[in-house]
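The sequence and structure come before the details.

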Amino acid sequence: EGYYVPGMNNIMITNSDFNVNSGGGEGIYSYSDAQIRNYTIKNNTFNINTSSWAYGIDIEGYGGTSNTLVEGNTFKIGGGNGSGTGIYLEYLDSNNIVRNNTIDTLGTHSYMSEGMYLDGEYQTAPSGLVVENNIINNAYYGMNLEYGLSGINILNNTITNTASTGGYGIYMYDVKAGDLNIKGNKFLNTDEYYGLYMEDVK
């Protein structure tokens with residue numbers, strides 16, 4: 001693993017290279033039982049190619065993850081059996097931005113691969129999520145958004161899936177429809193593919 005941080009506020013990680021080639025690993029892993037606030041990850045390169053699980057960024061503030069900026073990073077992610085996630089942000093609360101990143105899952109296109117996973121689990125009223133101008137290549141789930149997220153803006157992203165058949169460009173499950181704005185996104189895909197899939201959006 002690159003960085004392991006057990007809880008934090010006001011963290012900035014920029015202009016760094018993360019290279020993980022092992023049984024399993026993550027570029028940046030940050031977990032707190034409380035809150036994570038004001039966390040910036042910008043202009044970094046992640047090369048995570050393992051024989052097991054693989055994550056570029058994994059941020060989990062169980063008490064709420066807010067004011068996170070993930071911007072301008074490049075990810076090449078590949079794990080065992082094609083698994084791997086570029087950006088994993090859990091327990092999102094308010095004012096989180098993911099923009100101008102490039103994510104490539106190395107063409108494995110396993111059903112376990114995700115460009116990004118974002119959820120608002122256990123938060124009362126998560127809002128203010130912006131996902132814009134990202135490029136995602138060959139992940140089974142380009143974007144996976146789940147569990148209570150609201151105030152979602154997904155703007156001008158390009159999601160390409162040509163490695164194999166099947167998969168989802170944007171997958172949404174159990175998110176709130178209020179203030180949901182999806183605009184200007186481009187999907188290039190193969191057969192048996194859902195550009196935008198929504199389940200239990202209410």
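Tyr 197 has a relative accessible area of 23%, so this residue is partly exposed (buried means under 20% relative accessible area, exposed over 50%, partly exposed in between, with a 1.4 Å probe and protein chains only). The model is predicted: local features need pLDDT of at least 70, side-chain atom pairs count only at pLDDT 80 or more, and totals for chains, interfaces and linings use all residues. Residues are numbered from 1 along each chain as its sequence is written, and side-chain values use heavy atoms, with hydrogens and water left out.

**Aromatic rings**

- Rings of Phe, Tyr and Trp (its six-membered ring) pair if their centres lie within 6.5 Å; planes under 30 degrees apart count as stacked, over 60 as edge-to-face and the rest as tilted.
- The count under this rule is 17 aromatic pairs.
- Tyr 168 and Tyr 171 form an edge-to-face pair, because their ring centres are 5.1 Å apart and their planes stand at 80°.
- Tyr 194 and Tyr 197 are also edge-to-face, with centres 5.3 Å apart and planes at 75°.
- Tyr 168 is buried at 14% relative accessibility, and Tyr 171 is buried at 13%.
- Tyr 194 is partly exposed, with a relative accessible area of 42%.
- A cluster linked by ring pairs holds Tyr 140, Tyr 141, Tyr 168, Tyr 171, Tyr 194 and Tyr 197.

- Strands (E, at least two residues) and helices (H or I, at least four) are DSSP runs, numbered from the N terminus.

**Strands paired with β7**

- Two strands pair if DSSP finds at least two bridges between them.
- Strand β4 (residues 25-32) runs parallel to β7 and is joined to it by seven bridges; Ser 30 has Ile 59 in β7 as its bridge partner.
- Strand β5 (residues 36-42) pairs with β7 in the parallel sense over six bridges, and the partner of Ile 36 in β7 is Thr 65.
- Strand β9 (residues 84-92) is parallel to β7, with six bridges between them; here the bridge partner of Thr 65 is Leu 92.
- Strand β10 (residues 94-99) and β7 pair in the parallel sense over three bridges, and Glu 71 stands opposite Arg 99 in β10.
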